[in-house]
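I opened the notebook to record what I looked up in this structure. The entries follow the order in which I checked things.

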Amino acid sequence: MERGPWIRAWRPPVPGVAEVLHAHFPHHAYPSHTHDTWTLLLVDTGTVVYDLGGHEHATRRASVTLLPPHVPHDGRGATEEGFRKRVIYLEADVLDPRRSGRAVDDPTSGDPALLRRVRALHDALGRPGDELEAASDLALVVERLDAHLRGAPVAEAGRDAVRDPVSDAGLAARLRELLDSHLVDGISLAEAAAELEASPVRLVRTFRRELGISPHRYLTGRRVDAARRLLLDGVPAARVAAEVGFHDQSHLTRHFKRVLGVPPGRYAARSA
């Protein structure tokens, strides 16, 4: 671990996420304070001991901690090595504020699926241009958090709470058409949900169930296909990125290499 404190904070353009914080604190102790957001916490190394609602708690490895808005809490490292943490501050209306009491009584979840999805959400939030993936991950995270706050068994957390009247196949097809029509300019998950009159989590689950792939992966694959054709026509990679909807050339390169195994420049040169 680093000897001194380290911190990175940013505000991603993903609805529902107020701020992201990654930090390492060797010695820092937080005084009692509150947030106007939900605090979704991962502690990757070390242990954080904190007081919440008059009771002392400690973070656990391979677990997720959720602190409710407007409830005072503090925090300090349990060992001399300090702690490394990752935090996503969720807007207060992302989860039902009436369930804050449940978070005070039981702020820690050992749900492995929730832990996996929170980690995936952090990864997506750290990559500019992958906002659709981040929003999809967030919808699944919120679903699991809601189940935790309701006290539902882990096995029930993946169930859809409400059945949309639109058939699964029909909804997936409509979302695919919507993604196809926004290949270059893109569309947010919230916009797609409003357009198709379905919840974000239902869109993500239905699309993956019917097509075997996430909306983000589908859209990325379509963009990579379009990029391949332009590269074979001799269009420079820097122009290709903008013309097919990638955030920038590095965004194109990352996804192009993941799909095809080689960067765009090498693909074009070998093909020529």
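How close do the axes of helix α2 and α3 come, and at what angle do they cross? I am working from a predicted model. I find that the axes of α2 (residues 112-125) and α3 come within 9 Å and cross at roughly 155 degrees. Angles over 145 degrees count as roughly antiparallel, and α2 and α3 are therefore roughly antiparallel to each other. I also noted the handedness: α2 passes α3 in a left-handed crossing.

Next I listed the residues that meet between the two helices. On the α2 side I have Ala113, Leu114, Arg117, Val118, Ala120, Leu121, Ala124 and Leu125. On the α3 side I have Glu133, Ala134, Asp137, Leu138, Leu140, Val141, Glu143, Arg144 and Leu145.

I picked Arg144 from that list, a residue of helix α3. Is Arg144 buried or exposed? Its relative accessible area is 8%, and buried means under 20%, so I logged Arg144 as buried. I then took a distance from Arg144 to Leu67: they are 77 residues apart in sequence and 15 Å apart in space, C-alpha to C-alpha.

Leu67 took me to the strands. In β7, Leu67 is the bridge partner of Thr39. Strand β7 (residues 64-67) pairs with β4 in the antiparallel sense, over three bridges. I found β4 joined to strand β9 (residues 83-90) as well, by seven bridges, and these two also run antiparallel. One of the pairs there is Trp38 with Leu90 in β9.

I checked how enclosed β4 is. Six of the eight residues of β4 (residues 38-45) are buried, so this strand is largely enclosed by the rest of the structure.

Leu90 came up again when I looked at the nonpolar cores. The largest has 60 residues, and the members that touch the most others are Val17, Leu40, Leu90, Leu125, Leu145, Leu179 and Leu203. Helix α3 gives the most to this core, with ten residues. Apart from it I logged another core, of 15 residues, including Leu41, Val48, Tyr50 and Tyr89. For background I wrote down that nonpolar side chains tend to be buried together in soluble globular proteins.

Which residues does Leu90 touch, not counting residues up to four places away in sequence? My list is Gly16, Val17, Thr37, Trp38, Leu40, Leu138 and Leu145.

Definitions and conventions
Residues are numbered from 1 along each chain as its sequence is written. This is a predicted model: local features need pLDDT of at least 70, side-chain atom pairs count only at pLDDT 80 or more; totals for chains, interfaces and linings use all residues. Side-chain values use heavy atoms; hydrogens and water are left out. Buried means under 20% relative accessible area, exposed over 50%, partly exposed in between (1.4 Å probe, protein chains only). Helices (H or I, at least four residues) and strands (E, at least two) are DSSP runs, numbered from the N terminus. Two strands pair if DSSP finds at least two bridges between them. A nonpolar core is a set of buried Ala, Val, Leu, Ile, Met, Phe, Trp, Tyr and Cys residues joined through side-chain atoms within 4.5 Å. Contact means heavy atoms within 4.5 Å. Axes are lines fitted to C-alpha atoms, for helices over the stretch in contact, and angles run from 0 to 180 degrees between N-to-C directions. Angles under 35 degrees count as roughly parallel, over 145 as roughly antiparallel, 65 to 115 as roughly perpendicular and the rest as oblique. A crossing is left-handed if the near helix is turned anticlockwise from the far one by less than a right angle, and right-handed if clockwise.
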